[in-house]
Amino acid sequence: MASDFGKADVPTLFEESVEGRVGVSLFEEDENTDSLLENVVPQCFRRSLPLGLPELSELQVMRHFIRLSNRTLGVDTTFYPLGSCTMKYNPKVNELTAADERFLYTHPFQPQRTLQGILKICFELCQWLGELTGLRGVSLQPAAGAHGEFTALLIAKAYFRERGESQRTQVLVPDTAHGTNPASAARCGFVPVAIKSKNGKVDLDELQRHIGEKTACLMITNPNTLGLFEDAICEISHRVHEAGGLVYLDGANFNAMVGRVRPSDFGADLMHINLHKTFSVPHGSGGPGAGPICVREELAKYLPVPILSCRDGFYYLEYDRPHSVGRVRSFLGNIPNVVRAYTYIAQLGYEGLCEVSGFAVLHANYLLHLLSSSFDVPYGARCMHEFVIDGSRQKKFGVKALDIAKKLLDYGYHPPTTYFPLIVPEALMVEPTETENKETLESFANAMIEISNIAETHPEEITDAPRTTPVSRLDELSAARNPVVVWPNV
Amino acid sequence: MALSEKRYAKTHEWAAREGELIVVGVSEFAVEQLNREIVFVELPPPGKVVSAGQSFGTVEAVKTAADLYAPVSGVVEEVNAQVLDDPNFLAQDPEGAGWLIKVRPNAHEEWNSLLSEQDYRDFLKQEGHH
Amino acid sequence: MRNNPFIQTTELQEQEMLAAIGARSLDELFSEQIPPSLLTSEAGSLPSPCGELELVRRLKDLASQCKSATDVVSFLGGGCYDHFIPAAVDHIANRSEFLTAYTPYQPEASQGALQAFFEYQTLMARLYAMDVSNASLYDGASALGEAVFLALSVHPDRKRVILPFTLHPHYREVVRSYVQHLDVEVVEIEHRGGVTDCEKLKEVAANEAAAVVSVQPNFFGCLEDVDAFSDAARRANAVFIAVADPLSLGLLKPPGEYGADVAVGEGQPLGLRTYLGGESLGIFTCRWDYLRRMPGRLVGLTRDREGKRGYVLTLQTREQHIRREKATSNICTNHAHNALRATIFLSLVGPQGLRAIARKCARNLALFKSWIASESADAVAFRQPAFRETVIRLNTNANVVCEKLLERGFFAGIPLEILGPAYEDLLLVAVTEKRTDAEIKSFVKALREFLA
């Protein structure tokens with residue numbers, strides 16, 4: 001049966017299983033167990049189906065996962081210029097501090113006097129995020145960026161409800177936005193309205209046409225996903241505020257300006273921050289991240305409960321907040337990531353954070369400069385922390401952005417984000433981050449230029465890529481047509 | 001029963017008369033745009049009311065999903081079960097065996113506002129597709 | 001020299017790069033693109049840079065201002081449990097390839113992570129006895145929120161969601177927050193003696209419920225009559241959502257055995273630390289019919305061009321980056337690394353281990369309950385069958401008792417005042433497999449004078 005799914009370099013845990021094998025020594029079962037269990041868990045409550053878990057030794061498990069790790073690219077493996085994802089280096093001291101046993105085994109229902117150290121970390125991180133954004137009401141609860149968006153929009157909803165402006169049902173979303181923005185808006189019962197951009201930035205006339213008494217929010221990403229700072233942002237915010245709406249900033253690109261621009265100064269009322277982007281929390285192959293939200297003081301009363309407070313040097317959780325939108329998850333937030341982000345800011349300090357944004361922008365501009373002779377550059381020679389190039393020139397030879405991305409894998413790089421933003425046809429969105437060096441940027445650029453040259457002469461070498469990865473291109477069509485999402489039971 | 005001439009909507013659906021019913025499908029062009037990689041089709045059950053210009057279902061490719069807009073208003077009389085079962089019918093023959101639904105129309109004038117085959121081709125050209 | 005280990009660019013290289021792009025300074029790159037009035041250089045309350053040696057000292061100092069289950073014998077639970085974690089879990093999970101990778105968007109470069117998540121999906125589907133699982137969500141409470149959204153999408157014309165009061169209060173609060181902007185009524189069914197009043201449940205569910213939610217074990221640790229929930233949901237043709245603790249499934253009937261349409265849970269007991277409740281894993285499994293309505297990432301099996309087995313993210317048209325406002329959920333990042341820990345944990349403990357841990361928890365609870373009962377028959381608040389957790393009635397406010405017991409080296413449990421003033425003399429006590437008979441005995445002794 002396994003052969004139905006092709007030859008595998010690493011068999012699944014289920015294929016490796018051998019009956020009777022154990023991976024950990026547990027405890028001898030006490031003699032009185034059966035009789036004690038009779039009353040506490042009578043037969044009718046017990047499982048009759050087999051568990052179906054694999055039976056493996058510790059060594060088997062080690063080898064299995066080490067082999068899987070060898071088939072996974074991380075920032076610690078190679079350059080990872082995935083646009084809008086901020087794949088910076090994750091400092092190891094953060095892992096050390098976050099793994100302190102006295103944090104690891106704290107429990108959310110412990111008496112608060114036994115939690116002062118970790119509550120202080122949470123409280124101070126809130127203060128620092130408030131300082132960096134100028135938005136002083138902070139909640140650490142949201143588990144990810146999208147969760148932060150959702151929570152902030154619930155706050156907007158509550159704000160308008162209290163003002164008796166429930167007719168504000170629309171959320172304006174520029175067409176350069178991440179797909180999460182309209183999805184979060186729809187989740188909160190708002191109707192997303194797309195705003196077309198002009199020359200890569202929000203078109204003020206187009207914005208004006210859609211702004212009105214139905215406007216609840218503008219959700220804007222700044223710098224936007226083309227890596228351009230919306231220089232009319234103050235005017236944009238002003239118009240939204242004039243119309244009675246709120247300005248929501250998607251903080252995915254905060255790395256471009258951390259320390260140098262406070263979003264409150266350009267009119268943002270609410271925003272989320274991705275601790276796993278700007279503040280160096282590792283992405284973990286897709287989470288857990290953390291998406292704290294920061295809001296203006298007058299919106300703070302709507303923040304999820306509980307919030308962190310401090311009185312006379314005692315840190316505590318405050319629950320009595322009648323206007324709160326309520327909880328959006330259990331407990332307080334992704335606390336290990338709070339400790340990592342805290343460690344990061346504490347190490348770099350304000351000066352270090354300004355260097356972060358400074359070098360993120362310098363590196364992006366330098367890489368853009370190196371690539372601009374070989375690729376179409378739709379939006380000019382200057383960018384913030386990321387930029388978008390267009391593979392249309394290469395497409396004429398039959399080589400698409402996707403092919404370029406796959407060929408980069410053969411050069412040992414993780415490719416940039418492809419086909420986003422949607423307004424650039426063969427988009428390759430590149431974010432080198434501040435933590436890379438000049439040599440890496442140059443070798444990456446050389447690889448890109450070489451690929452572009454090969455595209456002209458031997459396009460099939462590119463469309464055939466990758467050849468050096470554990471598998472070649474995968475059949476996504478049949479995966480979606482006939483989904484196999486669990487290993488079959490025998 | 002034989003189909004009449006085809007008419008098209010700017011959203012790339014086609015319509016053709018079959019007796020009193022109108023057969024609705026997706027144009028060759030649209031399916032080509034999806035690289036013919038159709039993985040899933042969602043259609044309304046018979047008896048459902050559809051209105052012209054409103055979404056009545058979706059077509060999903062590997063990494064795109066497109067809404068289907070009804071070219072005419074009416075009641076769904078029949079659904080192409082073959083396509084639901086195997087979306088490849090739509091991928092391979094969108095203007096024939098890959099038809100989607102048959103509608104009993106309730107506003108006959110809507111037919112007239114649809115594009116003729118030639119007008120649809122001109123429209124595609126205008127939009128920059130050849 | 002720059003005193004920032006995470007900026008590799010030397011001053012010379014900085015000058016070379018600036019010259020190449022035609023800019024004079026870093027500051028100029030900002031002032032060229034950003035209105036000058038927006039640029040700031042005020043540190044405010046932000047700290048000054050700090051070297052690694054001093055940094056570690058500072059964080060250790062903060063850690064020393066915490067107590068945890070390593071210094072205190074813990075009987076805390078309430079949705080976050082102190083369970084055994086094999087040493088190899090940390091060792092594997094800390095591999096930096098897993099830790100520092102992004103969501104596996106480029107499958108050829110992410111086969112390892114994708115295979116691990118495929119294995120995770122399989123383990124969860126088997127554990128819960130459901131057809132399919134996604135690759136994880138944030139936590140149990142928000143997974144329930146997502147399940148409720150799924151139910152509302154199945155029944156767009158229905159406006160009621162039925163929850164038992166015995167569900168974890170955070171889950172109830174999250175469901176309320178999640179639907180607060182919708183025209184949806186959340187109905188909570190009261191309990192009698194620690195378990196849901198099933199007569200009441202039947203009555204309420206019959207009336208146009210979109211979803212009926214069950215929980216096993218419930219917040220009090222008691223075992224619910226889940227078949228009654230299943231019946232009530234079936235009769236009302238509502239989506240039946242089962243909340244179930246994954247570790248308990250080593251012993252208890254899984255949701256698939258009692259007819260759940262969707263089963264969710266908190267994966268923290270599977271190899272994750274208590275970490276102030278912050279190391280969570282949202283388990284989301286369902287019947288095959290709901291596959292395309294499922295939120296979150298999903299990994300599927302396929303082949304490459306040579307016919308070799310491979311894994312990809314699949315059914316992505318459900319997701320926000322393609323479907324935008326029509327997505328099944330706004331979720332993109334999930335809790336992949338926590339799902340990896342659960343996968344490693346389950347691979348190591350295997351079926352015998354999971355069964356043994358679950359049985360030990362139940363056995364320890366039974367022992368604790370019998371010792372408490374022999375001290376004071378009235379102190380066992382609910383006499384229902386239970387798993388891992390139980391409620392003790394005290395002769396005074398439970399917060400006071402917790403403070404006293406802390407002085408004797410115990411985290412005694414959770415004062416149930418959080419459920420309302422009527423619960424102020426009740427204490428929720430969790431007894432995991434980690435507690436020894438001697439610890440349980442001395443805890444009972446310490447509690448003796450406070451028992452009702």
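**Interfaces of chain C**

Reader: Which residue of chain A meets the side chain of C:E306 in a salt bridge?

Author: This is a predicted model. The N to O distance is 3.5 Å. A salt bridge requires the nitrogen within 4 Å of the carboxyl oxygen, so the pair qualifies. The partner of C:E306 is A:R467.

Reader: Which helix gives the most to the side of chain A that touches chain C?

Author: The rule finds 18 salt bridges across this interface. It also finds 105 residue pairs in polar contact, both at pLDDT 80 or more. On the side of chain A, one helix gives 24 residues, spanning residues 335–371. That is helix 11.

Reader: What area is buried between chain A and chain C?

Author: Here 212 residues of chain A are in contact with 195 residues of chain C. Carbon and sulfur atoms give 62% of the buried area. The total is about 17,900 Å².

Reader: What area is buried between chain C and chain B?

Author: In this interface 6 residues of chain C are in contact with 10 residues of chain B. C:R292, C:T317 and C:R323 lose the most area on the chain C side, together 60% of what that side buries. Carbon and sulfur atoms give 47% of the area for the interface. The value is about 690 Å².

Reader: Which residue of chain B forms a salt bridge with C:R292?

Author: The rule finds 2 salt bridges across the interface of chain C and chain B. The side of chain C there has 1 nonpolar, 2 polar and 3 charged residues. For C:R292, the closest N and O atoms are 3.4 Å apart. Its partner is B:E60.

Terms used. Residues numbered from 1 in each chain as written. Chains lettered and ligands numbered in written order. Predicted model: local features only at pLDDT ≥ 70, side-chain atom pairs only at ≥ 80, totals over all residues. Heavy atoms only, no water. Contact = heavy atoms within 4.5 Å. Buried area = accessible area lost by both parts, 1.4 Å probe. Nonpolar A, V, L, I, M, F, W, Y, C, P; charged D, E, K, R; others polar. Polar contact = N/O pair within 3.5 Å; in protein donor to acceptor, adjacent residues only side chain to side chain. Helix = DSSP H or I, 4+ residues; strand = E, 2+ residues; numbered from the N terminus.
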